[in-house]
Amino acid sequence: MEFRLTDHEENEVGPGNLIGRPTMVFFGFTYCPDVCPTTLSDISGWLEELGDEASEMNVVFITVDPERDTVEAMAEYVGYFHPVIRGWTGPEDQIARAAEGFRASFERVPTEGGGYTMNHTASVFLFDAEGELVTMIDYHEQREFAVPKIQRALTEDVEGAT
């Protein structure tokens, strides 16, 4: 995987930033009316339940709408959620490369009045510290199923996990 993006604090980031700690990655956009704020609220709740272990996680929200989701917009948006969550944005071609690397999808969908919305993968990707996929957490997955998956990623022995 190769891509270069910018986090909500104006730092250059890429795949290397996702190695070394267990990681959750979610693709979405700040103008999303329901899936994104719900998922980021769910993630915040999962992190709260983890307590001190939450600080051991990388949690990244990658925009699929760089036209509207500037560094400043991402900083404001992620500020509404758990402080561990980082917002990443960048040029459309780099976001497309990131999505392709994660096997996520997104598309721009025109709306009435000349605007648009974005369709996108709604699952959370969960990786271990070495960058190996542990599992996916589905949209609206219940906390009692999601948190144990995250705890499993926090353990060192995740080989064979699905």
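Biologist: What makes strand β1 and strand β5 a pair, and in which sense do they run?
Modeller: This is a predicted model. Pairing takes at least two bridges. Strand β1 (residues 5–7) and strand β5 (residues 85–89) share two bridges, so they count as paired, in the antiparallel sense.

Biologist: Which residue in β5 is the bridge partner of Asp7?
Modeller: Trp88 is the bridge partner of Asp7.

Biologist: What is the strand order of the open sheet?
Modeller: Seven strands run β2-β1-β5-β4-β3-β8-β9, and the pairing is mixed.

Biologist: Why are β2 and β9 called edge strands?
Modeller: Each pairs on one side only, so β2 (12–13) and β9 (133–137) are the edges.

Biologist: How do you know that helix α3 packs on the sheet?
Modeller: Contact means heavy atoms within 4.5 Å. Helix α3 (residues 92–102) touches β1, β3, β4, β5 and β8. Its direction makes about 125° with that of β3.

Biologist: Which strands does helix α4 touch?
Modeller: Helix α4 (residues 143–154) touches β3, β8 and β9. Its direction makes about 165° with that of β9.

Biologist: Which helix gives the most to the lining of the largest cavity?
Modeller: Helix α1 (residues 35–50), with three residues. The lining includes Thr39, Trp46 and His140.

Biologist: How many lining residues are nonpolar, polar and charged?
Modeller: Five are nonpolar, two polar and three charged. Trp counts as nonpolar, so Trp46 falls in that group.

Conventions. Residues are numbered from 1 along each chain as its sequence is written. This is a predicted model: local features need pLDDT of at least 70, side-chain atom pairs count only at pLDDT 80 or more; totals for chains, interfaces and linings use all residues. Side-chain values use heavy atoms; hydrogens and water are left out. On a 1 Å grid over the protein atoms alone, a cavity is a set of points where a 1.4 Å probe fits but cannot get out, and a pocket is an open set with protein on both sides within 12 Å along at least five of seven lines; lining residues have an atom within 4 Å of a point. Helices (H or I, at least four residues) and strands (E, at least two) are DSSP runs, numbered from the N terminus. Axes are lines fitted to C-alpha atoms, for helices over the stretch in contact, and angles run from 0 to 180 degrees between N-to-C directions.
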